[in-house]
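Here is a short briefing on a predicted model.

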Amino acid sequence: MNFLRLPFLVKLTLVVISIIGIGYLLALGQTILAPFFFAFLMAMLFLPIATFMERTLRFPRSVSTMTSVFIMLMILAGIIYFFTNQLSDFSKDLPHLREQLTTVFNNAQHWVSKTFNVKVDEQVDYINQALNKLLSSSGAILGFTFGIFSTGFGFIIFFTLFFIFILNYRRLLNNFIVTVFKERHKSSVQAAVNEIRVMTKKYIFGLCLQVIIVSILTSIVLTVLGVKYAILLAVLTGLLNVIPYLGIFISLVISCFIAFATGSPSTCIYVAIGYIGIHAVDGNIVLPFVVGSRVKINALFSFIGILLGEHLWGIAGMFLCIPAIAIIKIICEKVEDLKPWGKLLGEEERPNKKKKSYKISKNITLKEMD
């Protein structure tokens, strides 16, 4: 077959236009595409459960799908109930937190005035007014809460519907992807689809396990240090840890703020040291062992993905960008022409110097051939 060879500048222009067009479509379809992609990830995670019910328990496809949806909704309801219960307890302590923060800031301002001879009466009044507006403005808090609730409620509805459709019509979707390509490519495409499905399932399961491990480690550290709301902060840290580098920093700031408001400055320092240790354990032990290195993404493209995800889909994009890049990396590694892009997204491979072992293995092979 004769292929049309285009100049490099023409190819580069087409690639740039394609990237801009795809980005515009992603931003335009945020309301639909974000819950769809999240539903796809959860469907890959629940696929073994649905397959087990269909093959072993002889459940119909519709029954296995609805059972998987029921299990998923029960888990989601448990998470929502946990955060609602913890946040209700936290809201009861807001007046105490406001008084303690006001006292701490007043002491700090008086220390500055004594040390640097700076008048701080107006600054203290401004800080008190800002704290009163932030922690006592019920209208703003209720409006913000209602906005989050309405947006989250719509996301959950679309996510649940897409989850049902993907699980129920997974065979139809798989056949469509395979039959789109020509006959001679069907076997290789089917093998690539199966491997991508398995790798995606393992990656999502590894992320969930990483969230649990990080939450447990954080809970132990905060409980030992005597920080209030240790369980709430630990679960929040585990969920935010899905966002590489930036998530652990956000959770560190929140935990230090709570420790500073409810404890002492020394406790805040201990919390920061504990989070640094948790991040070191997660990056060097938990992440390579649980998530695996085959879909590991380098820090540069992780950070770029976080920025693009936040720009396109907001907070949901920051959570979904890393699994999306991981899936893109898997696809690039399976397509011959896209393998350089897969290597670019992954970690740098270190050369292994095993000249001595190579000679030994070569001598053994020659001896066996004789």
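F162 is buried, at 17% relative accessibility. Buried means under 20% relative accessible area, exposed means over 50%, and partly exposed lies in between (1.4 Å probe, protein chains only). F36 counts as partly exposed, at 37%.

This is a predicted model, where local features need pLDDT of at least 70, side-chain atom pairs count only at pLDDT 80 or more, and totals for chains, interfaces and linings use all residues. Residues are numbered from 1 along each chain as its sequence is written, and side-chain values use heavy atoms, with hydrogens and water left out.

**Aromatic pairs**

- A search of the whole structure finds eight aromatic pairs. Rings of Phe, Tyr and Trp (its six-membered ring) pair if their centres lie within 6.5 Å; planes under 30 degrees apart count as stacked, over 60 as edge-to-face and the rest as tilted.
- F36 and F162 form an edge-to-face pair, with 5.3 Å centre to centre and 90° between the planes.
- This pair links distant parts of the chain: F36 sits in helix α2 (residues 30–55) and F162 in helix α6 (residues 138–168), 126 residues apart. Helices are DSSP runs (H or I, at least four residues), numbered from the N terminus.
- F38 and F155 make a tilted pair, because their ring centres are 6.1 Å apart and their planes stand at 45°.
- F38 lies in α2 and F155 in α6, so this pair ties together parts that are 117 residues apart in sequence.
- F38 is partly exposed at 28%, and F155 is partly exposed at 26%.
- Ring pairs join F38, F46, F155, F159 and F163 into a cluster.

**Nonpolar patch**

- α6 gives the most to a nonpolar surface patch, with four residues.
- α6 and α7 (170–180) each supply at least two residues of the patch.
- Y169 lies in the loop between α6 and α7. Y169 is partly exposed, with a relative accessible area of 43%.

**Confidence**

- The protein chain has a mean pLDDT of 77, and 80% of its residues reach 70 or more. pLDDT is the predictor's confidence in each residue, from 0 to 100.
- Confidence is highest in helix α9 (residues 230–240), at 89, and lowest in helix α15 (residues 355–369), at a mean of 41.
- Where pLDDT is low, the predicted coordinates should not be read in detail.
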